Amino acid sequence: MTDIVAFNHVVKRYPGGKMALDGVSLRLARGEMAFLTGHSGAGKSTLMKLIGLIERPTRGQVVINGTDLATVRRRQIPRYRQRLGLIFQSYNLLFDRTVFDNVALPLVIRGLGHADIARRVRAALDTVGLLSHERKFPVTLSGGEQQRVGIARAVVDRPYLLLADEPTGNLDPALSADIMRLFTRLNETGTSIMIATHAIDLVQRMGHRRIALDHGHLEAG
Amino acid sequence: MAEQHRGRDGRRPSQRQRIPTLAAPAQGWLGAHARCLIEALGRMHRRWVASLLTVFVIGITLALPTGLYVLVKNLDTLSTSWQGTVQASLYLDDDVSVERGRTLARRLDARDTIDGAEYVSAEEGLETFREASGFGDALDALPSNPLPAVVVVTPDADMTRAAVGELVDTLRGETGVARAELDQAWLERLFAILSLIERAAWVIGLLLSAAVVFIVGNTIRLDIENRREEIEVMKLLGASDAFIRRPFLYSGVWYGLSGAVVALILLGGCFAALAGPLGTLTRSYDSALDLVGLDWSGGFALLATGIALGWCGCALTVNRRLADIEPR
């Protein structure tokens, strides 16, 4: 099994009849980095939510890292999500905790020991270049820095797949390019990455694979 | 790949660190709980005004039934000490001689169930009455002594009220005894009132315990609402329901425990305020009654009750609420 992500004829229809994905089949190879593009409502977020088990497909099969997600029961979802790295447009940081504690959260959830946590959190913060900010609170950081904290949190537990939903949606072009370069670096260390984004020009300049969605159909990829 | 990487990590620590492998998971588990306990306290501290109000409400709610319980206990001690002074009067027939009366008193005195029996002749009775009542002149006017001879019986102090009643019934059957009376009717009424108050204390206690459960439940519900986003993020990061629930349960425990502590302080204050005037009152009755507060076991029971109620209030709320919150 070399594919980290495999969608087989996936249909997602929301209650109320809105067709978000209409028979999508796609593959992401292990270690690959791909951009998911398309206008708002094209189904990018739905695709991400299906991988994160936030939604279930109406029809079709989603296989992640060799696991058919239909076999993952509700109680098993937390354990499944622990192996994914999720990055959000609004960063989703906890504002009453320091940068260190935010990044440590996935490890705390998994129940790792204190020394192990400290070592891994510092390594992740070093990767995103925020090691000197570990004692600060997220509010004192800029948008770009906050997103880098979000990325550190996503990679701290060494996920097999990094999913980013509009990670640069709230950032200016220069900061966006910074963040994208960071993703490229992470990809070079072997992490599979899927990034949903609007920033078409940035994607074209980066030269990675592009998966385009249009009204729930796969346009290119 | 990630698994292999972790495997290498596991082997990296030195031999010395690797030895307590069995203890490590337990430490991790204990550590996680200790962390939650502290974290829950930190959460309360951050919103300390609201927390303090909640704790005070719980404290007052717990103090009411506990205070009532202590009151009942004090009245119980009081009535027990009075029960020891209960005496039965055996009024003898007029034709019973002084000698036979004294023999009867000695015979009764020898019984296990009787602490003391004293013969009081008609003359002695008249003399006592003359001194105590102040009706001396009126008594002098009577042609003969109207009082019968009496054997005053003090039942064993350890006897129950029912046993004392039976004893008096058998004494009534003794030859030469015209009437036997127990001056206990007022005591019976007191006991009835006491058991009523005790029952009321239980009912009020149950109702107010339910109130504590609801107060904690509601506080936790608001807390969960305020933390909806945080809970969503945690769920996205793979936190199990148990993991998310834990700090809330510990908040419930802290609320219950600090409420119980406040209740103890309130009760202590009340007793300090009451002890002075009560001392004056009891001294005026020539009785030295000390107000008995909560003892150690009672205090611990109150703290344990507070913790249990806090936990219950939280457990009843948190499962339902957390299930409602799912990332979108």
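The unreviewed UniProt entry annotates residues 86-178 of chain B as "domain: FtsX extracellular". The model discussed here is predicted.

Trainee: How far apart are the end C-alpha atoms of residues 86-178 of chain B?
Mentor: This stretch of chain B is 44% helix and 22% strand. Its end C-alpha atoms are apart by 20 Å.

Trainee: What separates the centres of domain 1 and domain 2 of chain B?
Mentor: Domain 1 of chain B consists of 33-81 + 190-324, and domain 2 of 87-183. Taken over C-alpha atoms, the distance between their centres is 53 Å.

Trainee: Which are the edge strands of the open sheet in chain B?
Mentor: The open sheet has four strands in the order 2-3-1-4, with antiparallel pairing. An edge strand pairs on one side only, which in chain B applies to strand 2 (114-120) and strand 4 (177-182).

Trainee: Which residue is the bridge partner of B:Tyr91 in strand 3 of chain B?
Mentor: Strand 1 (residues 88-92) and strand 3 (residues 150-155) of chain B pair in the antiparallel sense, over four bridges. The partner of B:Tyr91 in strand 3 is B:Val150.

Trainee: Which helix of chain B gives the most to the side that touches chain A?
Mentor: In the contact, 15 residues of chain B meet 17 residues of chain A. On the chain B side, helix 1 (2-11), helix 3 (23-46) and helix 10 (228-236) each supply at least two residues. With three residues, the one that gives the most is helix 10.

Trainee: How many residues on that side of chain B are nonpolar?
Mentor: The side of chain B that touches chain A includes four polar and two charged residues. Its nonpolar residues number nine.

Note on methods. Residues numbered from 1 in each chain as written. Chains lettered and ligands numbered in written order. Predicted model: local features only at pLDDT ≥ 70, side-chain atom pairs only at ≥ 80, totals over all residues. Contact = placed C-beta atoms within 7 Å. Nonpolar A, V, L, I, M, F, W, Y, C, P; charged D, E, K, R; others polar. Domains from an automatic or database assignment. UniProt positions renumbered as here; feature names shortened; annotations may be inferred. Pairing = 2+ DSSP bridges.
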